[in-house]
Amino acid sequence: MNRTSPPSRALADAQAAWLWKLHGFRAPADLVLEDLALALGVLVVEGPLAGADARLLRNAGHGLVRIRSDIPEPGRKRFALAHELGHWLLHGLGSPLSACTPEAHVTGHDHAPEIEANQFASSLLMPEPLFRPRIRGSRPSVELLRSLASVFATSFTATAVRYVELQDDYCAVVISEGGRVLWWRGSRCFTQRFRIESGSWLSPATVAARALSGRAPSSAPEQVAFRAWIVRGRPVETFLFEQCVLLERYRQAVSLIWLP
């Protein structure tokens with residue numbers, strides 16, 4: 001999977017939508033990934049796997065996906081499997097044996113095949129025609145994301161990324177670890193005007209910085225200085241809102257930020 005051409009998110013979206021139409025899925029509960037995989041010629045098993053969340057093996061038109069059995073969250077397992085099915089359908093000329101790290105299942109490392117597989121997984125698990133109506137006219141909130149994650153049987157982080165991807169307002173999700181910004185994703189209008197610096201140290205003014213230092217984040221949104229997060233773009237307000245969830249198992253903070 002060493003292709004260097006730009007990723008095609010549209011192709012990934014179209015492939016996921018085609019599967020929903022082909023199999024007559026109407027609700028998230030209709031999508032049983034293991035059954036879908038088998039229909040595509042891919043057998044799914046769980047077992048030990050070092051250094052990766054999932055691995056895809058191709059052999060003469062048949063496939064085998066091994067999912068790491070000790071992944072604790074069902075939503076994360078589902079995303080890992082959907083990601084590998086994306087590789088199976090979109091990257092048929094790839095290596096016969098490939099493994100994807102946990103990081104690849106979210107950030108994609110800016111590598112086209114991983115970006116496409118992530119986009120496919122997101123669209124397959126959280127189809128826009130079902131997801132967008134549930135967020136239309138809503139204000140960002142952790143509670144809303146948790147509700148959506150429950151409906152679509154997805155992880156909190158994957159749901160947050162899909163939310164900002166389809167949201168029309170100025171908002172972003174930021175993953176922090178070890179006192180630094182690990183990565184972030186923003187809505188289209190947000191990324192067109194603003195930038196958060198991946199790899200930068202967290203400002204002490206952010207809720208994420210306090211959460212990672214041991215102070216439990218408030219359950220309500222908090223006002224944070226605009227420049228505590230955003231390094232590029234003319235301020236349109238002196239502050240923004242931040243609501244943060246601490247993922248203690250991974251020692252990460254997930255911040256949902258948005259403009260008033």
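Contact is taken here to mean heavy atoms within 4.5 Å. In the predicted model, Ser141 touches Gln243 and Leu256 by this criterion, residues up to four places away in sequence not being counted. Ser141 is placed in the loop between α5 and α6, and with a relative accessibility of 16% it counts as buried.

After α5 comes Gly137, with a positive phi near 80 degrees.

In α6, the buried residues are Val142, Leu144, Leu145, Leu148, Ala149 and Phe152.

At the level of domains, the protein chain is divided into domain 1 (9-125) and domain 2 (130-258). The C-alpha centres of the two domains lie 26 Å apart, and the contact takes 16 residues from domain 1 and 14 residues from domain 2. The size of an interface is often given as the accessible area lost when the parts come together. Between them, domain 1 and domain 2 bury about 1,200 Å², with 54% of this area on carbon and sulfur atoms. Polar contacts between the domains involve five residue pairs, both residues being at pLDDT 80 or more. On the side of domain 1 that touches domain 2, the elements giving two or more residues are α3 and α4. One salt bridge is counted between the two domains. Arg249 forms a salt bridge with Glu73, in which the closest N and O atoms are 3.8 Å apart.

Over the whole structure, a search finds ten salt bridges. One of them joins the side chains of Asp53 and Arg68, at 2.8 Å from N to O. This pair links distant parts of the chain, with Asp53 in the loop between β1 (42-47) and β2 (54-59) and Arg68 in strand β3 (residues 62-68), 15 residues apart. Asp53 is buried, its relative accessible area being 1%, and Arg68 is also buried, at 16%.

Because Glu165 and Arg162 are three residues apart in helix α7, about one helical turn separates them. Glu165 is partly exposed, with a relative accessible area of 29%, whereas Arg162 is buried, at 2%. Elsewhere, salt bridges that share partners join Asp53, Arg68, Asp70 and Arg76 into one network.

Finally, Thr238 lies in the loop between α10 (226-229) and β8. Thr238 counts as exposed, its relative accessibility being 67%. Leaving aside residues up to four places away in sequence, Thr238 touches Ala225 and Phe226. Thr238 and Leu259 are 21 residues apart in sequence, and their C-alpha atoms are 9.7 Å apart in space.

Conventions. Residues numbered from 1 in each chain as written. Predicted model: local features only at pLDDT ≥ 70, side-chain atom pairs only at ≥ 80, totals over all residues. Heavy atoms only, no water. Helix = DSSP H or I, 4+ residues; strand = E, 2+ residues; numbered from the N terminus. Buried < 20%, exposed > 50% of the residue type's maximum accessible area, 1.4 Å probe, protein only. Domains from an automatic or database assignment. Buried area = accessible area lost by both parts, 1.4 Å probe. Salt bridge = Lys/Arg side-chain N within 4 Å of Asp/Glu carboxyl O. Polar contact = N/O pair within 3.5 Å; in protein donor to acceptor, adjacent residues only side chain to side chain.
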